[in-house]
Amino acid sequence: MSLSPPRLAPLGDSALLIVFGDRIDPALNRRAVALSKALAGLPGVTDRVPAYASLTLHYDPGVWSHDRLVEAVTPYLADEDGTALEDRHLLIPVCYGGEHGPDLDEVARHCGLTPDEVIARHSGGEYLVYFLGFTPGFAYLGGLDPDLATPRRGTPRSSVPAGAVGIAGEQTGIYPQASPGGWRLIGRTPLRLFDPLREPPCLLAPGDRLRFVPIGPDEFESRMRGKDR
């Protein structure tokens, strides 16, 4: 598929917006993430924020003008396929159902499946981390089986535990820390997705690919006590 040249535009007086397209598409996201990583060492760029199909560069206006930054970035746009991006693959253990996945049965009924079929389909796919947002370390994932699409809860929970795995519409995701939330909870991982004392603090990063691996309650509790975290 032929990809259009990116559109570069100022975003205020200290940010540059680079737009690769107007749709959610793994190929567009790959270009955004690859460019973000390629520009990691550019002096005077204070933050790089990839999204579904764009990249925002925040910069020090004492170092860069808009025109000079565009000129510096332009040679990096030649990587149209994100070939410089090295994929990282991760396995995320999940204890499905029960107290850790209180909405699993409801998701199964909505989808016309059994709980075991929901688990098999959810853990059978590969997911792409498009970008992080909402709370630190929260990954927006692509790749959910469309047959598992389920609306959000009518009333959000006031507190969702860290590690909760949920479904909302055609998305699935993991809550990196305790927070309010309205996603349908089908399981929980013992992994710590966000730790401000860790470097880097976020376990997941844009461009990562992951799979969910079902584990039992005993293994979950063992890991929560500190093993393999």
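Because the model is predicted, local features need pLDDT of at least 70 and side-chain atom pairs count only at pLDDT 80 or more, while totals for chains, interfaces and linings use all residues. Residues are numbered from 1 along each chain as its sequence is written, and side-chain values use heavy atoms, with hydrogens and water left out.

Let's start with empty space. Rolling a probe the size of a water molecule over the atoms shows where such space is left. Here a pocket is an open set of points on a 1 Å grid over the protein atoms alone, where a 1.4 Å probe fits and protein lies on both sides within 12 Å along at least five of seven lines; lining residues have an atom within 4 Å of a point. A volume is the space filled by probe spheres set on the points, which are joined across faces, edges and corners.

The largest pocket has a volume of about 310 Å³. Its lining includes Val-33, Lys-37, Arg-48, Pro-50 and Leu-132. Helix 1 (26-38) and strand 3 (45-50) are the elements that give two or more residues to this lining, and strand 3 supplies the largest share, five residues. Helices (H or I, at least four residues) and strands (E, at least two) are DSSP runs, numbered from the N terminus. By class, the lining has six nonpolar, two polar and three charged residues; Ala, Val, Leu, Ile, Met, Phe, Trp, Tyr, Cys and Pro count as nonpolar, Asp, Glu, Lys and Arg as charged, and the others, Gly among them, as polar.

The second largest pocket holds about 210 Å³ of space. Among its lining residues are Lys-37, Arg-88, Leu-132, Glu-199, Pro-200 and Asp-208. This lining has eight nonpolar, no polar and four charged residues. Look closely at Glu-199 and Pro-200: the peptide bond between them is cis, with omega near 0°. Pro-200 sits in the loop between strand 12 (184-188) and strand 13 (209-214).

Back at strand 3, the partner is strand 4 (residues 54-59), in an antiparallel pairing over five bridges; two strands pair if DSSP finds at least two bridges between them. The two form a hairpin with three residues between them, and Pro-50 stands opposite Leu-55 in strand 4.

Tyr-130 is buried at a relative accessible area of 7%, where buried means under 20%, exposed over 50% and partly exposed in between (1.4 Å probe, protein chains only). The C-alpha atoms of Tyr-130 and Ala-51 are separated by 6.6 Å, although the two residues are 79 apart along the chain. In the loop between strand 6 (127-132) and strand 7 (139-142) you will find Phe-134, exposed at 53% relative accessibility. Phi of Phe-134 is near 70°, a positive value in a residue other than glycine.

In helix 4 (residues 115-123), Val-118, Ile-119, His-122 and Ser-123 are buried. Seen down the helix axis, these residues fall within an arc of 115°, so they line one face of helix 4; the arc is that of the directions from the axis to the C-beta atoms.

Finally, the whole structure has zero disulfides, a disulfide being a pair of cysteine sulfur atoms within 2.5 Å. The sulfur of Cys-95 is 20 Å from the closest cysteine sulfur, in Cys-111, which is too far for a bond. Cys-95 is buried, at 3% relative accessibility.
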